[in-house]
Amino acid sequence: NFTKCDLKSSNLYYHGMTPKNSFSTGRSTTSLEVRRSLPIFPFREDLLRAITQHQILVIEGETGSGKTTQIPQYLMEDVRLHSRRNEIGCTQPRRVAAMSVAARVAEETGVKLGNEVGYSIRFEDCTSERTVLKYMTDGMLLREFLTEPDLASYSVVIIDEAHERTLHTDILFGLIKDIARFRSDLKVLVASATLDTERFSCFFDDAPVFRIPGRRFPVDIFYTKAPEADYLEACVVSVLQIHVTQAPGDCLVFLTGQEEIEACCEMLQERCRRLGSKIAELVVLPIYANLPSDMQAKIFSPTPPGARKVVVATNIAETSLTIDGIIYVIDPGFCKQKSYNARTGMESLIVTPCSRASANQRAGRAGRVAAGKCFRLYTAWAFKHEMEETTIPEIQRTNLGNVVLLLKSLGINDLIHFDFMDPPPHETLVLALEQLYALGALNHLGELTKMGRRMAELPVDPMLSKMILASEQCCSEEVLTIAAMLSVNNSIFYRPKDKVVHADNARMNFTVPGGDHLVLLNVYNQSGFSTQWCYENFIQFRSMRRARDVRDQLEGLMERIEVEVVSSLEDSVPIRKAITAGYFYHTARLSKGGYKTVKHQQTVYVHPNSSLFEEQPRWLIYHELVFTTKEFMRQVIEIDSGWLLEVAPHYYKSKELEDSSSKKMPRKQGKTKDELG
Ligand code: ADP
Ligand code: MG
């Protein structure tokens with residue numbers, strides 16, 4: 001019997017795991033009934049009255065109570081609060097949430113998505129003249145300040161999922177608090193899960209807190225007796241255990257990212273296939289940011305009778321999305337977080353233990369429709385002693401280049417005294433200013449330059465904008481494509497587990513000299529956007545289509561910043577130089593066994609997926625660092641160290657770029673460039 005044998009092969013053990021009687025999760029049929037059954041509904045009138053009475057209101061409510069989907073609808077339905085001339089904006093930290101929630105609300109209100117109810121996320125605007133309710137990422141609202149500094153077209157702004165404390169949300173807090181002072185007609189709602197609401201109230205000059213009482217069933221929490229060596233395997237085993245031994249009810253698994261989620265889903269499907277009809281049907285569904293939206297929507301479809309649904313999700317399912325019918329939660333206790341070293345300026349994505357607050361939110365997902373169970377794949381001791389109380393706000397662990405450039409463009413020069421809820425570390429601010437100076441976006445007085453103004457027009461990171469601007473007059477055609485391909489982020493190549501060799505061969509066929517950016521360009525140019533071609537070459541068609549959309553939009557912006565789109569034809573040097581002009585911070589030099597970053601001598605490695613993995617050129621520029629087992633550089637190109645002095649004379653001195661292993665650098669060049677710098 002598989003349960004026993006699988007149990008033996010793992011050291012998973014849960015205290016008191018016993019099957020319980022079944023129950024039913026009654027689902028109302030009509031949309032109105034569903035809306036009325038939500039915990040927020042009885043408070044509709046009180047809430048609207050409070051909003052009428054106060055300019056700024058903090059709203060606290062258990063996840064799933066209806067804050068995101070209902071409040072904007074209540075506002076739309078209320079003539080006191082909303083005239084058709086102005087929009088209601090509701091921010092979300094994640095693009096998936098903005099899209100999915102907008103779709104849901106459009107459905108509930110019976111309108112076509114993009115008409116009265118729409119969404120706006122970077123590179124994708126699904127709104128129209130008729131739109132009155134707009135769900136948007138927090139980053140998009142932030143950018144709207146550039147064109148409309150008082151947000152005049154909005155009558156209500158809802159900063160939703162405020163507890164997530166993303167960088168953009170935190171900056172919005174400061175900006176919106178400021179404009180609310182002179183726009184007395186603007187209503188501001190700050191909506192949050194049951195976390196931190198006192199702090200929001202305090203920040204917004206003691207704004208009242210409206211609490212929506214939760215409806216929560218008890219959740220039993222189980223810990224493993226010993227730490228898990230392989231949490232992915234442990235998840236798979238736990239899901240199967242639940243499936244075989246536990247009463248009906250769907251299951252939610254929290255993993256850290258796309259790769260893990262895909263692996264987990266494959267493992268589950270494979271094992272279910274092997275077990276065949278010995279077990280009931282298990283519907284395995286992934287959800288993560290890059291998942292195409294039709295696949296995302298599947299997690300909400302009802303579980304077929306007799307089957308069990310298991311949703312394998314990133315943090316997105318922690319508070320942003322609520323899936324009905326979840327009774328079991330499996331929590332390995334990790335999340336992927338940006339971490340930033342303010343001394344070296346190195347930013348990296350790292351899988352780290354999540355906070356206790358996160359773990360508790362995750363567990364809470366099991367108790368929405370009935371009593372639930374949460375299986376934590378770590379020990380009770382680890383929960384108590386190894387996890388942080390709360391997650392550190394993003395503003396304190398990220399590169400601030402992007403927002404500093406934006407704030408400077410808004411005319412906010414004194415960043416030290418900006419009204420931050422939690423200020424970023426001083427060094428981080430200084431480093432951002434230094435980096436923008438080196439990129440030519442600020443002058444030595446810290447004022448925005450013409451270059452900086454143009455860079456800010458593009459909705460991408462400063463380094464990427466600089467790369468695009470550096471390509472004007474020589475190779476913007478190619479560089480725009482590269483920028484678009486980089487922005488769809490590691491979802492171009494398809495590598496199914498059972499066809500790894502074929503997939504890798506297909507990938508090799510795209511190899512061109514120079515590095516990964518040029519490989520991406522090659523893929524884009526060859527694809528012709530044919531599904532057949534993509535399928536045959538293990539390229540994800542949807543990612544290609546998205547890259548094309550992004551490229552179209554970037555190209556559309558070129559006119560505004562007066563960049564002519566020209567091609568460099570056969571020569572890759574100008575392209576690689578343009579990349580260098582944006583990413584010179586990310587230079588690494590070959591040294592024993594790996595690479596060292598030039599400025600800070602950090603050891604880094606070429607990612608095994610890279611086209612330069614074997615070649616190991618002397619000088620590289622990487623697009624990003626990812627920490628898995630080691631610090632890996634993802635997307636690298638080969639450069640000539642001499643270019644660094646050309647494109648970043650403020651930053652590099654020729655001495656730093658001398659090769660210790662070979663003294664090939666001509667002396668004369670070294671001297672003159674040194675004088676220049
Ligand atoms: P909150 O913002 O308070 O966490 P929401 O407004 O997101 O709550 O969710 C309210 C209800 O709407 C939940 O029961 C959730 O399951 C449902 N819901 C939200 N989005 C969707 C969707 N795309 N499909 C089906 N149900 C959804
Ligand atoms: Mg919500």
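Trainee: What percentage of the residues of the protein count as buried?
Mentor: Bear in mind that this is a predicted model. A residue is buried if 20 or more other C-beta atoms lie within 10 Å of its own. Of the 677 residues of the protein, the share that counts as buried is 46%.

Trainee: How does the radius of gyration stand against the globule rule?
Mentor: The secondary structure comes to 26 helices and 21 strands. For 677 residues the globule rule gives 26 Å, and the protein is close to that, so it is as compact as a globular protein of that length. The radius of gyration of the protein is 26 Å.

Trainee: What box do the C-alpha atoms fill, and what share of the contacts join residues at least 24 apart?
Mentor: Taken along the principal axes, the box is roughly 80 × 65 × 50 Å.

Trainee: Which residues touch the most other members of the largest nonpolar core?
Mentor: This core has 186 residues. Helix 5 gives the most to this core, with 9 residues. The members that touch the most others are Val253, Met467 and Ala483.

Trainee: Which residues is Met467 in contact with, leaving aside its neighbours within four places in sequence?
Mentor: Contact here needs C-beta atoms within 7 Å. On that basis, and with the sequence neighbours left aside, the partners of Met467 are Val479, Ala483, Ala578, Ile579, Ala581, Gly582 and Tyr583.

Trainee: Which residues come nearest to ligand 1?
Mentor: There are 17 residues around ligand 1. The elements that give two or more residues to this shell are helix 4 (67-77) and helix 5 (95-109). By kind, the shell divides into 4 nonpolar, 10 polar and 3 charged residues. Those that come nearest are Lys67, Thr68, Thr69, Arg104 and Phe300.

Trainee: Which residues of helix 6 are buried, and what covers them?
Mentor: Helix 6 spans residues 138-147, and its buried residues are Asp138, Gly139, Met140, Leu141, Leu142 and Phe145. The cover over these buried residues includes strand 2 (87-92), strand 3 (117-121), strand 5 (133-137), helix 7 (167-182) and helix 15 (401-409).

Trainee: How far apart are the end C-alpha atoms over residues 238-411?
Mentor: An unreviewed UniProt entry annotates residues 238-411 as "domain: Helicase C-terminal". Over these residues the chain is 34% helix and 25% strand. The distance between the end C-alpha atoms is 54 Å.

Trainee: Why does Gln337 count as partly exposed, and what is it in contact with?
Mentor: Gln337 lies in strand 14 (residues 334-341). Gln337 counts as partly exposed because it has 19 C-beta neighbours inside 10 Å, while a buried residue needs 20 or more. Its contacts, leaving aside neighbours within four places in sequence, are Ile350 and Thr352.

Trainee: How far apart in space are Asp46 and Phe210?
Mentor: Asp46 is found in helix 3 (residues 44-53). With 11 C-beta neighbours inside 10 Å, Asp46 counts as exposed. Asp46 and Phe210 are 164 residues apart in sequence, but the distance from C-alpha to C-alpha is 9.2 Å.

Trainee: Is Glu161 buried or exposed?
Mentor: Glu161 is found in the loop between strand 6 (154-159) and helix 7. Its phi is positive, about 50 degrees, although it is not a glycine. Most residues other than glycine have a negative phi. With 25 C-beta neighbours inside 10 Å, Glu161 counts as buried.

Trainee: Is Gln616 buried or exposed?
Mentor: Gln616 lies in the loop between strand 19 (603-606) and strand 20 (619-627). Phi of Gln616 is also positive, near 50 degrees. With 12 other C-beta atoms within 10 Å, Gln616 is exposed.

Trainee: Which residues is Ala648 in contact with, leaving aside its neighbours within four places in sequence?
Mentor: Ala648 has its place in the loop between helix 25 (641-647) and helix 26 (667-676). Ala648 is buried, with 21 other C-beta atoms within 10 Å. With the sequence neighbours left aside, the contacts of Ala648 are Ala438 and Phe584.

Terms used
Residues are numbered from 1 along each chain as its sequence is written. Chains are lettered from A and ligands numbered from 1 in the order in which they are written. This is a predicted model: local features need pLDDT of at least 70, side-chain atom pairs count only at pLDDT 80 or more; totals for chains, interfaces and linings use all residues. A residue is near a molecule or strand if its C-beta atom, placed from the backbone, lies within 6 Å of it. Helices (H or I, at least four residues) and strands (E, at least two) are DSSP runs, numbered from the N terminus. Ala, Val, Leu, Ile, Met, Phe, Trp, Tyr, Cys and Pro count as nonpolar, Asp, Glu, Lys and Arg as charged, and the others, Gly among them, as polar. A nonpolar core is a set of buried Ala, Val, Leu, Ile, Met, Phe, Trp, Tyr and Cys residues joined through C-beta atoms within 7 Å. Two residues are in contact if their C-beta atoms, placed from the backbone, lie within 7 Å. The radius of gyration is taken over C-alpha atoms; the globule rule is 2.2 Å times the number of residues to the power 0.38. UniProt positions are given in the numbering used here, feature names are shortened, and annotations may be inferred rather than shown by experiment.
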